[in-house]
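Visitor: I am new to this structure. Could you take me through some of the terms used for it?

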Amino acid sequence: MSRIYNFSAGPSVLPEPVLLQARDELLEWRGSGVSVMEMSHRGKHFSLIAEELESDLRSLLGIPQNYKVLFLQGGATAQFSFIPQNILQGKTRACYVNTGAWSEKAIKDAQSYCEVVVSASSENTKFTSIPDFSGWVLDSGAAYLHYTANETIHGVEFPEAPGGNGLTLVADMSSNILSRPCDVSAHGLIYAGTQKNMGPAGVTVVIVREDLVGKANKNIPPVFDYAEQVKNNSMLNTPATYNWYLVGLVLKWLIGQGGVEAIEQRNIAKSDLLYQAIDKSALYHNPVEINCRSRMNVPFILADENLDKQFLAAAEANGLFELKGHRSVGGMRASIYNAMPEAGVLALIDFMTEFERTH
Ligand SMILES: Cc1ncc(COP(=O)(O)O)c(C=O)c1O
């Protein structure tokens, strides 16, 4: 068996110890006589898995008691529609910051349910910056202020949660959750798909302040209503049980790594190494302003795009996969989530240096 370095934006690399543990427990989970895949979600074994999953996430992120944690389906994409249906609270407007492709999608979907006030946009910089907060339009009559904490395609990350001038903050943290400490209490709602920093695809985490639950639009289907899911411990419908288990293993791995403070230090080190290599090269270029460069997704463009195909082929020949940039921006992108070891980043830098020397 030879495992490659996988720079995919998601689904993405998982910690190897997690995969090994899942393999070891595949046929039988800890004396239960069955695989986790075969367990009733209401049985005592799975209840234990579910309880630990929530308590580990609570302790890793320091989630205050007055927040509910949900494990849902439909991806972050479903939340683009569920959020306005759940937390508009009778209001007709919501503020959104537009920092890239994922913000745009969130805005487009929200527009079916409310008037979207675009508080700020970095479209004029081709989404390579975060608009200066002093110019944000914050509508005090809006129900909430939504931002995308890390733009997975453009490689732009908020260095910290923005202030909302009293508006309830809502964050899409799909591609940077658990990569750094996060002040949950500054937010009304945080959501994230699991397929980048938390496990395989198939689970969506929603962390929502209690007072925002139970205010959904009247006609919302129960399965999309946070209050119904809270009441049923995210089991109003049969949950993605095996994925919950795998996310639970990733969280235990992260705790073993020293938690989010420790992993943040590693993420800073890995991304600094890669950005330094890009900045000192004449062949590679990252267009994002330094103060908001993503630690998770590092896009870079080759000075001569005719070299792109050769670059990708040679990278694969060196065991470095999934480096092609998103089709909407072109170039390359290295996604270096929590589970990407520093050795993978160093192997990429060595390869890039050698490719530049020979081209
Ligand atoms: C920041 C961000 N938001 C939302 C999504 C959509 O997630 P999903 O495909 O799980 O709905 C993604 C997926 O890559 C993302 O990176």
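This is a predicted model: local features need pLDDT of at least 70, side-chain atom pairs count only at pLDDT 80 or more; totals for chains, interfaces and linings use all residues.

Visitor: Where do domain 1 and domain 2 lie in the chain?

Guide: The domain assignment gives 17-256 for domain 1 and 258-358 for domain 2. Their C-alpha centres are 27 Å apart.

Visitor: How do you know that domain 1 is in contact with domain 2?

Guide: Contact means heavy atoms within 4.5 Å. By that cut-off, 24 residues of domain 1 are in contact with 26 residues of domain 2. The two domains bury about 2,100 Å² between them, with 57% of it on carbon and sulfur atoms. Thr 128, Ile 153 and Pro 181 supply 24% of the area that domain 1 buries against domain 2, more than any other three residues.

Visitor: What makes up the lining of the largest pocket?

Guide: The largest pocket holds about 350 Å³ of space. It has 20 lining residues, and Val 13, Leu 14, Ala 339, Met 340 and Pro 341 are the closest to its centre. By class, the lining has eleven nonpolar, four polar and five charged residues. Val, Leu, Ala, Met and Pro count as nonpolar, so the five residues closest to the centre belong to that class.

Visitor: Which helix gives the largest share of that lining?

Guide: H7 does, with three residues. Strand S1 (5-6), helix H1 (16-24) and helix H7 (259-279) each supply at least two.

Methods:
Residues are numbered from 1 along each chain as its sequence is written. Side-chain values use heavy atoms; hydrogens and water are left out. On a 1 Å grid over the protein atoms alone, a cavity is a set of points where a 1.4 Å probe fits but cannot get out, and a pocket is an open set with protein on both sides within 12 Å along at least five of seven lines; lining residues have an atom within 4 Å of a point. Grid points are joined across faces, edges and corners, and a volume is the space filled by probe spheres set on the points. Helices (H or I, at least four residues) and strands (E, at least two) are DSSP runs, numbered from the N terminus. Domain bounds come from an automatic or database domain assignment. Buried area is the accessible area (1.4 Å probe) that two parts lose on being put together, summed over both.
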